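The text begins with the whole chain and then takes up its parts in turn.

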Amino acid sequence: MRRRVIRYPSGWTLAVLPDAASAEAASQELGTLGVDADDLVVLAGPDAAARLERLGTSGGVAATIRRAVQFMTMDQLPDLHVYETAMSRQQPIVGVRVEEADARRRAVQALLRHGAHFVNRFGAWATEEIAPWRGEPLPVGQLMQR
């Protein structure tokens with residue numbers, strides 16, 4: 001099976017959650033805050049890779065070349081690698097797409113209440129670091145760390 005890589009998830013805020021129960025609780029709270037199901041993705045469990053498609057993914061040689069170009073031109077490419085590594089280690093990722101600033105702040109606060117860390121918003125022109133990684137560092141290469 002080919003390894004899938006995340007394309008730049010423009011407009012999405014991604015967060016690592018401590019476990020599947022926390023990710024599900026965060027997802028439910030986001031729903032009560034009015035986040036539409038089309039703007040919410042939980043990447044956890046055996047079908048996480050299939051749901052990764054919602055963020056835009058690719059595999060194979062084209063993905064490898066695209067990733068190399070992204071690495072040279074994008075400031076936050078290492079973040080995508082960290083999310084992919086976290087997911088491969090069974091750490092759930094929650095993605096939420098909320099445009100309005102106040103609603104986005106409420107969504108981020110909901111994620112943080114459920115233990116989210118490594119929270120980043122991927123805008124059209126820049127990436128906003130909201131919360132750093134907590135806990136044991138993932139085994140990513142030195143060039144993929146920040």
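**From the whole chain to its parts**

Among the contacts in the chain with a separation of 6 or more, 75% are between residues 24 or more positions apart. The model is a predicted one. Its chain has 146 residues, and buried residues make up 47% of them. The secondary structure consists of five helices and seven strands. Read from the N terminus, the elements follow the order β-β-α-β-α-β-α-α-β-α-β-β.

Five strands form an open sheet, in the order β3-β5-β2-β6-β7, and their pairing is antiparallel. Strands β3 and β7 are the edges, since each of them pairs on one side only. On average, neighbouring strands of this sheet are turned by 15 degrees against each other, with direction ignored.

Strand β3 pairs with strand β5, residues 93–96, in the antiparallel sense over four bridges. Within this pairing, V41 stands opposite G95 of β5.

Strand β2, made of residues 13–16, is joined to β5 by four bridges, and the two run antiparallel. Here L14 has G95 in β5 as its bridge partner. G95 was also named above, as the residue opposite V41.

Three bridges join β2 to β6, and these strands too run antiparallel. V16 stands opposite H117 in β6. Strand β6 is mostly covered, as six of its six residues are buried.

Strands β6, residues 117–122, and β7, residues 127–131, run antiparallel and are joined by four bridges. A hairpin of four residues leads from β6 to β7. Two of the facing pairs can be named: R121 has E128 in β7 as its bridge partner, and V119 stands opposite A131 in β7.

What is the relative accessible area of H117, and is H117 buried or exposed? The relative accessible area of H117 is 6%, so this residue counts as buried. H117 belongs to strand β6. Leaving out residues up to four places away in sequence, H117 touches A15, V16, A131, P132, W133 and R134. H117 and P18 are 99 residues apart along the chain, yet their C-alpha atoms are separated by 8.3 Å.

The helices come next. Two packed helices are described by the angle between their axes and the distance between the axes. Helix α1, residues 20–32, packs with helix α5, residues 101–113, at an angle of about 155 degrees, and their axes are 9 Å apart. Angles over 145 degrees count as roughly antiparallel, so α1 is roughly antiparallel to α5. The crossing of the two helices is right-handed. On the α1 side the contact is made by A26, E29 and L30, and on the α5 side by A107, A110, L111 and R113. Sorted by class, this contact of α1 with α5 has five nonpolar residues, two charged residues and no polar ones.

R104 lies in helix α5. Why does R104 count as buried? Residues under 20% relative accessible area are buried, and R104 has a relative accessibility of 17%, so R104 falls in that class. Apart from its neighbours within four places in sequence, R104 is in contact with T13, V98, E99 and R121. Among these, T13 is 91 residues away from R104 along the chain, while the C-alpha atoms of the two are separated by 8.7 Å. R121, also in contact with R104, is the residue whose bridge partner in β7 is E128.

Notes:
Residues are numbered from 1 along each chain as its sequence is written. This is a predicted model: local features need pLDDT of at least 70, side-chain atom pairs count only at pLDDT 80 or more; totals for chains, interfaces and linings use all residues. Side-chain values use heavy atoms; hydrogens and water are left out. Two strands pair if DSSP finds at least two bridges between them. Axes are lines fitted to C-alpha atoms, for helices over the stretch in contact, and angles run from 0 to 180 degrees between N-to-C directions. Angles under 35 degrees count as roughly parallel, over 145 as roughly antiparallel, 65 to 115 as roughly perpendicular and the rest as oblique. A crossing is left-handed if the near helix is turned anticlockwise from the far one by less than a right angle, and right-handed if clockwise. Contact means heavy atoms within 4.5 Å. Ala, Val, Leu, Ile, Met, Phe, Trp, Tyr, Cys and Pro count as nonpolar, Asp, Glu, Lys and Arg as charged, and the others, Gly among them, as polar. Buried means under 20% relative accessible area, exposed over 50%, partly exposed in between (1.4 Å probe, protein chains only).
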